[in-house]
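Morning, everyone. I have one structure to go through today, and I will keep to what can be read from the coordinates.

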Amino acid sequence: MSKDLNKKVVLGILFIFPLLVYLFFASGKNNFAKLPILTKKVSELPIGYLGEKIKLKNKITILGYWGGNLKNKKAEALNLNEKIYKRFYQFDDFQFVFFVDTFQIKKVQELKNELVKGVGTDISRWNFLHTTSENMKTHFSSLKTPFLLDESGNTPYVFIIDKDLSLRGRNDDEDLGTLYAFDARSVAQINKKMIDDVKVILAEYRLALKIYNSERNK
């Protein structure tokens, strides 16, 4: 096969493949992958000890439970901030929410300072809900996952909650079968799985909004 023919074949593939991918996703909403619902009717958030009125409804939330032990949370916070928050925080209705004990006010501020250090990250969508361990445990139980909070109300796992208060995840994960949450200690899991899943749910809502707007304008 001549060099010219080789070049034409390569150029053809480079041109046609992206077009086929576009047509696949543009051909209809039934072809668009959605992130499975694993638990419906997750509880709404309680009012915080400092009067925080943070809501899950109508938000796409990365939800975590850090309880009364923020001493070792810096690495997890930086992982999530670098890999997820900075990438997606400018999307409408996207937020981070972490449960912390009422007495963790100083530690939370120290953690916020770490997040903005250096590059000056806009952390306006990092939310901390100060509440009791009882409220944390009650809310955590509404997720209906196989995980448990430790004695301080902490878990390294973070969860994706959609606008309708449903827990999203994977029901066909190649490693775990059902993937309820992401281990914030694992950069590999965040890179290989969490980024993709957040992309999917954000694209899902963007597509739904696009369809809604197009139908309104008919």
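What covers the buried residues of H4? Before the answer, one caution: this is a predicted model. The cover over the buried residues of H4 includes E2, E3, E4 and E5.

Let me stay with that helix for a moment. H4 runs over residues 133-141, and Met136, His139 and Phe140 are buried in it. Looking down the axis of H4, the buried residues fall within an arc of 100°, so they line one face of the helix. Glu134 and Thr138, on the other side of H4, are exposed.

Now the overall layout. The protein has five helices and nine strands. Starting at the N terminus, the order of elements is α-β-β-α-β-α-β-α-β-β-β-β-β-α. There are 218 residues, and 41% of them count as buried. Take the contacts with a separation of 6 or more: 77% of those are between residues 24 or more positions apart. The accessible surface is about 12800 Å², and carbon and sulfur atoms make up 54% of that.

Next, helix H3, residues 105-116. H3 has twelve residues and spans 17 Å from first C-alpha to last, close to the 16 Å expected at 1.5 Å a residue. Which residues of H3 are buried? They are Val108, Leu111 and Leu115. These three cover an arc of only 60° around the axis, which puts them on the same side of H3. Their packing partners are strand E2 (60-67), helix H2 (74-88), strand E3 (94-101) and strand E4 (126-131).

In soluble globular proteins, nonpolar side chains tend to be buried together. The largest nonpolar core here has 33 residues, and within it Ile84 and Trp126 touch the most other members. Two or more residues come from each of E2, H2, E3, H3, E4, strand E5 (157-161) and helix H5 (187-216). H5 gives the most to this core, namely seven residues.

What does Ile84 touch, leaving out residues up to four places away in sequence? The list is Asn79, Phe94, Phe96, Ile190, Met194, Ile195 and Val198.

How values were computed
Residues are numbered from 1 along each chain as its sequence is written. This is a predicted model: local features need pLDDT of at least 70, side-chain atom pairs count only at pLDDT 80 or more; totals for chains, interfaces and linings use all residues. Side-chain values use heavy atoms; hydrogens and water are left out. Helices (H or I, at least four residues) and strands (E, at least two) are DSSP runs, numbered from the N terminus. The expected span of a helix is 1.5 Å times one less than its number of residues. Buried means under 20% relative accessible area, exposed over 50%, partly exposed in between (1.4 Å probe, protein chains only). The arc is that of the directions from the helix axis to the C-beta atoms. Contact means heavy atoms within 4.5 Å. Accessible areas come from the Shrake-Rupley method with a 1.4 Å probe; for residues, only the protein chains shown count as cover. A nonpolar core is a set of buried Ala, Val, Leu, Ile, Met, Phe, Trp, Tyr and Cys residues joined through side-chain atoms within 4.5 Å.
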